[in-house]
Amino acid sequence: MPVSSASNVSTLESAFSKFKEPAITHRRFKHADLQPLIQKHSGAFEITKLGESVEGRSISSLDWGDGKTKVMLWSQMHGNESTATMALFDLFNFLEGNGDEFDDLRTLLKSQLDLKFIPMINPDGAEQFKRRNAIDIDLNRDAISQISPEAIILKGARDDFEPEFGFNLHDQQTYYNASGTPKQATISVLAPAYNYDTDVNAVRTRAMQTIVGMNEILQEVVPGHVGKYDDAFEPRAFGDNITKWGTSTILIESGGYPNDPDKQYIRQLNFMIILNALEQIATKSYEQYTIEEYFAIPDNDLQLVDLLLNEVQVPVNGKYFPVDLGIRRRDITAGETYYMSASVDDLGDLQVYFGLEEFDASGLNYAEGKVYASEFESVSMLDEAKAIELLKQGYLAVKVKNGAKGDLHNLPILVLKSTETFSSGWRTGEGTNFFLEKDGVRKYAVVNGYLIDLEHPKDQEFKQRIY
Ligand SMILES: [Zn+2]
């Protein structure tokens, strides 16, 4: 082991803080943002243009290292799954560095490994921050047919390089949890199966062992926040097939972490576990781990909602029924940023769900709200206190004269420009804008899925748009 070992959390943390790529500050960057950053590394890395996407954007590989063990890492085959791409650019800075306490580690990696990085396999999807490519194909179901040029590029790179190890880097919904716990699966892992029987051969074993080592790092810094994917075989997916073609493949899925909407901490975790894995591969230290330890990692589950309201009394035909409401607020991309759009995901007996925020609403009645009659000049005429005042009076929405549908704001009230009404309800799929009342007094408002205590509003950020 080198003096600065990547099996040491504080080494990994200080490496990240020193080498984090400062030009990437949020997760909605585009292909054009990356090109100067790739060129920046043309001295230390061998850069090869592998081909072009459907819309003609370049896809390049960056190669580094003089060793025998080949490792290929590819990211963002789903255009809106960019967390690991950020970490790869941090890693490039780290590998290119020299003259510091990490020199031993770099020398080890350089002498043992032959690394090929392919960041952002789906630049056309990234351009719109959407999952699929420009022909609306899910690249991760195109490993065999290779209808997409991006899939041909990835398959070609694998066949030319024949890596011993592969890293398949994705993001997952923030609603995944470590099974049976309310903790978000911040990182989920998988050593994909290569057949329907989900057999474990030597190739798959190496991936499992390396994942166990990565999980040790994660359990130190985000205990309980790791899930393991189901290993059902998907015959069209890259991870499964690349394992089948003889590469020990490690899937990393970046999920959610509290107060990290732009995934900058999860970016750091990716950097840390990838660097750790590279050291394990360079030293073969993964051989100390067993597949039993891999199978002991908790399964991934999909049981989280943003807001779980327990036993809200909802009115039907003059009678009230107590239902748990599970509300999810999904982020919708708007340029380089986003707003939230909330709806009811499920209701009834939701005891198997966990809320990132949970609230006991027993004894509180669902009640509708109104639109304030007179128009405001613009959103700047309102502030949080004024909005809360209007909520207390029973208004869930205001109208504005200036501004446009789609403009963003941070008020705890709905703002209307292109419409006179807003969606409201408690049934599945309905927009979550309502009050919770007791004895005819409005105690709480739910505005676009945000719970607001009208007497004691807490500090929270509202990511809203004008309707
Ligand atoms: Zn994905």
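I started at Lys 284, which takes a positive phi of about 60° just after helix 9. Helices here are DSSP runs of H or I with at least four residues, numbered from the N terminus. The model is predicted, local features need pLDDT of at least 70, side-chain atom pairs count only at pLDDT 80 or more, and totals for chains, interfaces and linings use all residues. Residues are numbered from 1 along each chain as its sequence is written, and side-chain values use heavy atoms, with hydrogens and water left out.

Next I stepped back into helix 9. Helix 9 covers residues 264-283 and reaches 29 Å from its first C-alpha to its last, close to the 28 Å expected at 1.5 Å a residue (1.5 Å times one less than the number of residues). I found 18 of its 20 residues buried (under 20% relative accessible area, 1.4 Å probe, protein chains only).

Then I looked up its partner, helix 7 (residues 202-221): the two axes come within 9 Å and cross at roughly 140°.

Last, I visited the zinc ion. Its protein donors are His 78 (ND1), Glu 81 (OE), Glu 81 (OE) and His 170 (ND1), at 2.0 to 2.7 Å (donors are N, O and S atoms within 2.8 Å of the metal, or 3.2 Å for Na, K and Ca; water is not among the atoms, so sites may look incomplete). I noted the donor spacing in sequence as H-x2-E-x88-H. Both His 78 and Glu 81 are buried.

Conventions:
Buried < 20%, exposed > 50% of the residue type's maximum accessible area, 1.4 Å probe, protein only. Helix = DSSP H or I, 4+ residues; strand = E, 2+ residues; numbered from the N terminus. Axes fitted to C-alpha atoms, helices over the stretch in contact; angles between N-to-C directions.
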